Amino acid sequence: VQAQNNPIQINKGQEITSEILNRIVEKNRHYTTQGKVADYIPELGKANPSKIGIAVVNAQGKVISSGDVSEKFTIQSISKIIALMIAVQENGEENLYKKLGYFGTDQPFNHFGNLDNNGKPLNPMMNAGAIVTTASIQGEGDLGYQKILAMIRYITKNSAINLNEKVYLSEKETGHRNRGMFHILKNSGLIEGTEDKLDNYFKQCSIEVTAVDLAKIGYFFANNGTRFDGDTTYKNIEIARLIQSQMLTAGMYEFSGEYSRTVGLPSKSGVGGGITVSVPHKMGIGVYSPALDEHGNSLAGYQMIVELSKLYDLSIF
Ligand code: DON
């Protein structure tokens with residue numbers, strides 16, 4: 001209780017340290033009991049709601065962390081930003097956005113209303129737009145998924161990252177809304193190809209990561225596609241700007257507007273309990289805590305980000 005009420009104070013110009021992150025974890029730990037683990041994908045319902053962790057990749061590319069940052073969980077919707085990067089690399093932004101909008105939403109991530117008046121998905125962050133995005137990645141069978149996996153392994157420099165087979169099968173078996181949306185979009189001519197394209201979406205969501213991996217992904221987009229170790233193979237200012245703008249507009253779904261006000265940073269959440277945050281031109285933040293709020297965003301994760309953003313004045317506004 002004491003930890004909850006004690007305000008954390010830092011000196012001006014003080015760097016983020018693991019001690020500060022420890023205090024942020026302890027102060028926000030009580031939120032883990034207030035959210036609810038996602039169970040609409042049955043396998044996700046098995047997550048331990050008491051887990052909580054935060055990792056930062058600072059401007060020097062150094063990892064600082066506290067809490068359950070070695071815990072693996074599925075990336076879920078955070079994979080949508082990686083799929084978007086690859087789909088834009090392959091098709092160009094203009095071509096891809098013939099099938100997508102740049103709109104925000106006031107509806108949950110899997111709502112059938114996330115389409116504009118012409119039937120185009122509002123944006124690539126909601127499930128409808130993400131399914132179109134992944135289906136736009138070239139190649140037959142699971143090639144689209146393999147490209148997404150390879151890119152996540154590259155960005156994190158973690159070749160051990162892999163699919164959680166149980167989550168994937170659970171999602172495939174129960175993903176009737178996504179399957180329905182896939183066929184609506186196919187009917188509108190926005191998707192070509194077989195259900196393999198939908199399967200790639202289920203697979204990309206089932207890739208297992210840690211909070212540290214998410215911080216590295218946040219760093220990558222914050223720094224125009226430069227990896228945390230300085231590698232510039234995929235440096236691309238325009239793609240980084242596009243992705244961060246989409247994260248800001250819709251990365252937290254219908255909560256994105258309020259989140260822009262309270263945090264002020266491009267961010268993407270997943271129902272596995274992760275959130276990845278880009279602090280433009282500076283750093284990346286990754287949080288994990290599987291108990292979610294009513295929008296499907298990690299509750300304790302969000303509160304830790306609010307705290308860190310306020311403490312270090314990270315908002316872009
Ligand atoms: O398609 C789904 O419903 C999940 N695989 C991903 C949704 C998700 O992560 C929404 N996030 N907060």
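Colleague: Which residues does Tyr253 touch, not counting residues up to four places away in sequence?

Modeller: This is a predicted model, to start with. In it, Tyr253 touches Thr105, Pro108, Phe109, Met126, His295 and Gly296, with residues up to four places away in sequence not counted.

Colleague: And where is Tyr253 placed?

Modeller: In a loop. Tyr253 falls between α11 (237–250) and α12 (256–262).

Colleague: Is Tyr253 buried or exposed?

Modeller: Buried. Tyr253 has 26 other C-beta atoms within 10 Å, and the cut-off for buried is 20 or more.

Colleague: What does UniProt list under "binding site"?

Modeller: The entry is unreviewed. UniProt lists Ser77, Asn127, Glu171, Asn178, Tyr201, Tyr253 and Val271 there.

Colleague: Take Glu171. Which helix is Glu171 in?

Modeller: Glu171 lies in α7, residues 165–174.

Colleague: Buried or exposed, that Glu171?

Modeller: Glu171 is buried, because 24 other C-beta atoms lie within 10 Å.

Colleague: What is Glu171 in contact with, leaving aside neighbours within four places in sequence?

Modeller: Ile41, Phe202, Cys205 and Ser206 are the contacts of Glu171, once those neighbours are left aside.

Colleague: On to the ligand. Which residues come nearest?

Modeller: Gln76, Ser77, Cys205, Val271 and Gly296 come nearest, out of 13 residues around the ligand. Ser77 and Val271 are also among the positions in UniProt's "binding site" list. Cys205 is one of the contacts of Glu171, and Gly296 is one of the residues that Tyr253 touches.

Colleague: How does the shell around the ligand divide into nonpolar, polar and charged?

Modeller: The shell has 3 nonpolar residues, 9 polar and 1 charged.

Colleague: Asn127 was on the UniProt list. What about the helix α5 with residues 127–135?

Modeller: In α5, 9 of the 9 residues are buried, so the helix is largely enclosed by the rest of the structure. Asn127 is one of those buried residues, and Gly129, Ile131 and Val132 are among the others.

Colleague: What covers the buried residues of α5?

Modeller: The cover includes α3 (79–91), α6 (143–156), α8 (176–187) and α9 (196–205).

Colleague: Staying with α9, is Asp199 buried or exposed?

Modeller: Asp199 is found in α9. Asp199 counts as buried, because it has 20 C-beta neighbours inside 10 Å, and 20 or more is what buried takes.

Colleague: How far is the C-alpha atom of Asp199 from that of Gln34?

Modeller: The two C-alpha atoms are separated by 33 Å. Along the chain, Asp199 and Gln34 are 165 residues apart.

Colleague: What about phi of Asp313?

Modeller: Phi of Asp313 is near 50 degrees, also positive. Asp313 is in the segment after α13 (299–311). Asp313 counts as exposed, with 8 C-beta neighbours inside 10 Å.

Colleague: Zooming out, how many helices and strands are in the chain?

Modeller: The chain has 13 helices and 9 strands. Its radius of gyration is 18 Å, close to the 20 Å from the globule rule for 317 residues, so the chain is as compact as a globular protein of that length.

Colleague: What does the C-alpha trace span along its principal axes?

Modeller: About 55 × 40 × 40 Å. Buried residues make up 53% of the 317. Of the contacts between residues at least 6 apart in sequence, 68% join residues at least 24 apart.

Terms used:
Residues are numbered from 1 along each chain as its sequence is written. This is a predicted model: local features need pLDDT of at least 70, side-chain atom pairs count only at pLDDT 80 or more; totals for chains, interfaces and linings use all residues. Helices (H or I, at least four residues) and strands (E, at least two) are DSSP runs, numbered from the N terminus. The radius of gyration is taken over C-alpha atoms; the globule rule is 2.2 Å times the number of residues to the power 0.38. A residue is buried if 20 or more other C-beta atoms lie within 10 Å of its own, exposed if 12 or fewer, and partly exposed in between; C-beta atoms are placed from the backbone. Two residues are in contact if their C-beta atoms, placed from the backbone, lie within 7 Å. UniProt positions are given in the numbering used here, feature names are shortened, and annotations may be inferred rather than shown by experiment. A residue is near a molecule or strand if its C-beta atom, placed from the backbone, lies within 6 Å of it. Ala, Val, Leu, Ile, Met, Phe, Trp, Tyr, Cys and Pro count as nonpolar, Asp, Glu, Lys and Arg as charged, and the others, Gly among them, as polar.
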